[in-house]
Structures are given as C-alpha cells and as structure tokens.
Amino acid sequence: MKAVIVAGGEGRRIRSVARAMPKPLLDVGGRSIVEHQILLLKRYEINEIHLTVRGRDLAVFRDNLGGGESRGVRLRYHAEREPLGTAGGIAPILARLGKHFLVLYGDVMVNMDLGALVRFHRSKRAATTLVVHPSDHPLDSDLVELDDEGRIKVFRPKPRPASAWCRNVGNAGIYVVSQKLAEFISSGPSDFLRDVFPRALAAGKAPYGYRTREYLRDIGTPQRLASVRADWATRRIERCHLDFALPAIFFDRDGTLCDIVPLLRQSRDVRLLPGAAEAIRRTNEAGYLAVVATNQPVIARGLCSLEELERIHAQLESLLCEQGARLDAVYYCPHHPDAGYPGEVPELKTACDCRKPEGGLVRRAARDLNIDLSRSAFVGDSTMDVECGKRLGLRTILIETGEAGRDGKYAARPDARCPDVADAVRSILQHVA
Ligand SMILES: [Zn+2]
C-alpha cells in the first residue's frame, strides 16, 4: 500500500509560531509532524509516500526530509503551482497509487493502528473510509453523521449554523481511498470533504466512518500545537495507540450528568447538573476515557425515536463542549423487558444483556475502545449503577444528585459516596494517585 501526505495547506492561524515554516515541518519532541507520520507509515510497511506541497515549499521539504532513504522509505514530491486543495493535488498522481491508498493531512499528529483501519475499510468494501473521532474542538471541526453500519449519512462541514444539531463525530484528516472513488476526484482545485465525498455520497457510494479513540490532533492553532507538544512530553501520544488499554470512567446519564426529566425525549429538556462539565473535563485531562452508559427504555416503549435520542446526545455533547469537556462514547440500552404498553416497539421488548445492572454496555465499550476495566470506575446516582459497576469489578461511586441511591433496588455497597459527579471524579483520580 502507498500513502499521500497532503502538505500544501496555508496555515494562516499558526503563522505567529510557525513563521515561514510549513505546518507539517513543525517540531514535536525533536521530529517534525510529517516525520512522525512517515515513521508510523513505515511501521505498517507503507514505504512509498507521496507528498503534495506548494511550489515555494518544495525546497524546504526536500532539505528536511530528503528522498527518505535514511528512514527506509521512498518519498516523492509533487509541487503545486497554485493551491489545489486536499483532493485536487492528488488527481494528477491517482493512477500511480494502487487499488487502495492512505491519505494523511500533513498537520495532524497521529498515532493509531493503521492495520485495523485498513482491515475495516476492506471489510466494508468501501469507496473510501474516513477516520472519525470525538473532536476536542467540535465547533471548529468538520463533523459527520453515521448510520449503524458506519456509513456516513450527512456531512456537516464547518462553519455550521448555531441551530444545527450534531453529535461530536469529527473528521480527523486520515482517509483510506479506493480507486472506486477516482471518478469523483476531478482535476483542478477541490476538497475531499466539501466536494469529493458529498459527490460520492450523492451517487450512492457512501463513505464509511472508522471511529477510534486513538491519538489524532491537528496543530492548526498555536494552542493546539502546544497541547500536542505537552502530550508528547507526557507520553500520552504513545499510550493512546489501540495496542495499549486505557482506563475509563463510566458515567450514568440521567441524575448523574443531566437533570432527571421523567421520560426525557426532547433535546431542549437536557440540562447539565452542577459539576458535570468539570467532571468530564478532569476525566479528559487525566487521560481516562469518558464513557456514558445509560438505560433508555423510552426507545422500546415507543416514546422516543432513535433520531430524538441522537439529538439528546448531541445536545449533551454540545453543552459539555461549551465548557471544554469531551465524551469519548455514549452507550445506551434501548430495551425494556416488560411488554404490554401501547405504542411499544415489540422487537425491543426483550430481556437483554445490556440493560443495567447487566454489564453489556460496559463490556461492549471495553471491547470497542480497549479499556482496562481493572483501572476503571463507574459513577451513578442509583443502586443499579453501583450493582452494575460491582458486577464488572469496577470501583463504584454513588452520588447524591438525582436518585441519590434512594431507588434502593440493589443491596450492593459503593466504594465511596460523593455529593456530585465532579467530586466523584476527584475522588477516583485521588484514589489512583
Ligand atoms: Zn439492552
């Protein structure tokens, strides 16, 4: 397999620190961003790498990277006389790239399992697969909506109207592209996200989204560059690779992160509880995954559609993101065991292994995200959450908001009780420190 690194971007917002240096050549831990990319590609036996660069940057790229011999790869440069955009620069070399190839934006610090990505792409027989992830700056990111199979339903490029609701599923700037996509890549300036992918979608060749919790951060602003450098120094970038299990804090939703609204079904009814954003932000900063696990029998009872539930979760994610907090994933159980309500969805009226206190949601998250459950914790407001956490061997914290344990359904005792969810996270992080 071959790869293309798109390194012809402008980098207006980072000029204050980059000066004349192209973004991909900025240093992180003694190597340029693009060198980190080359080493990652090499690790997955991708040895022929094409770089599309602006004509005036060609010399500085050559000076810095040479022909790639010292790193055991072959580098090929393609200089653009005028800016051609992310896709336009690839059009002239498409025929040289083989049946499937990788595309990386040169301003993304990335450490991920490229083998798993390519296997996903092949298994879906996709024309193209985008790497997607929860962005730490969703308002300034291009977002997508996925269906249950991982196909992209809608592209929501930035800037979006304030009224547009969407989940925090951001385009990370890494793609696997098959020649099936070639018919949508025209010569002349064009952009993958704005031109090529929407054309493919409209023609019935929906791109796929490959979700990952691995390390993908653009260095588009001085602040983001500084945080990538800090993550390198603390080895967070290395540890985020799927090879390494990460600890997680699981959060119940209603009564823990948001106010209990009986049978919550409308996104405008979502209200964050005090401490919710702080709790998630601290979880993010500590390098723990922040995962919601919630029972949503309203789906089985026909009181809320899956689309409405997505809207509720989009609203929850937006309220959190306004305060600098990011959820890594939301898992819900749509089932309900007792049949006999008017308007219910019969196929969801079933005993399942995911309705808490069963552990199905947590186990699924652990599998998807490679979570180390022995270092993880569960925070909730009911004895059912405590029982669920206990069954999985997690540290459990019962909090005094929401039901405050008054449901009394299970006798399981929590490891600690805390006034609210922010105190719970503080207590979890202190316990491991
Ligand atoms: Zn279930």
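I began with the aromatic rings and found that Y105, F155, Y175, F192 and F197 make up one aromatic cluster. I note that the model is predicted. In total, I count eight aromatic pairs in the structure.

I looked up the pair of Y105 and Y175, which is edge-to-face, with 5.4 Å centre to centre and 90° between the planes. Y105 sits in strand β6 (residues 100-105) and Y175 in strand β11 (residues 170-178), so this pair ties together parts 70 residues apart in sequence. I checked burial, and both Y105 and Y175 are buried.

Next I took Y175 with F197. Their ring centres are 4.9 Å apart and their planes are at 90°, so I put this pair down as edge-to-face too. F197 belongs to helix α6 (residues 192-202) and Y175 to strand β11, so the pair ties together parts that are 22 residues apart in sequence. F197 has 0% relative accessibility and counts as buried.

I turned to the nonpolar cores. The largest has 64 residues, and L181 and F192 have the most contacts inside it. Neighbours within four places in sequence aside, I find L181 in contact with A127, T128, F192, V196, F197 and A200. Another core lies apart from it, with 37 residues, including I249, F251, L348 and V421.

Last, I looked at two helices. α9 (residues 276-285) and α14 (residues 421-432) pack at about 25°, their axes 7 Å apart. An angle under 35 degrees counts as roughly parallel, and α9 and α14 are therefore roughly parallel to each other. In α9, I list A276, E278, A279, R282 and T283 as meeting V421, A422, V425, R426 and L429 in α14. By class, this contact has six nonpolar, one polar and three charged residues.

Key: Residues are numbered from 1 along each chain as its sequence is written. This is a predicted model: local features need pLDDT of at least 70, side-chain atom pairs count only at pLDDT 80 or more; totals for chains, interfaces and linings use all residues. Side-chain values use heavy atoms; hydrogens and water are left out. Axes are lines fitted to C-alpha atoms, for helices over the stretch in contact, and angles run from 0 to 180 degrees between N-to-C directions. Helices (H or I, at least four residues) and strands (E, at least two) are DSSP runs, numbered from the N terminus. Angles under 35 degrees count as roughly parallel, over 145 as roughly antiparallel, 65 to 115 as roughly perpendicular and the rest as oblique. Contact means heavy atoms within 4.5 Å. Ala, Val, Leu, Ile, Met, Phe, Trp, Tyr, Cys and Pro count as nonpolar, Asp, Glu, Lys and Arg as charged, and the others, Gly among them, as polar. A nonpolar core is a set of buried Ala, Val, Leu, Ile, Met, Phe, Trp, Tyr and Cys residues joined through side-chain atoms within 4.5 Å. Buried means under 20% relative accessible area, exposed over 50%, partly exposed in between (1.4 Å probe, protein chains only). Rings of Phe, Tyr and Trp (its six-membered ring) pair if their centres lie within 6.5 Å; planes under 30 degrees apart count as stacked, over 60 as edge-to-face and the rest as tilted.
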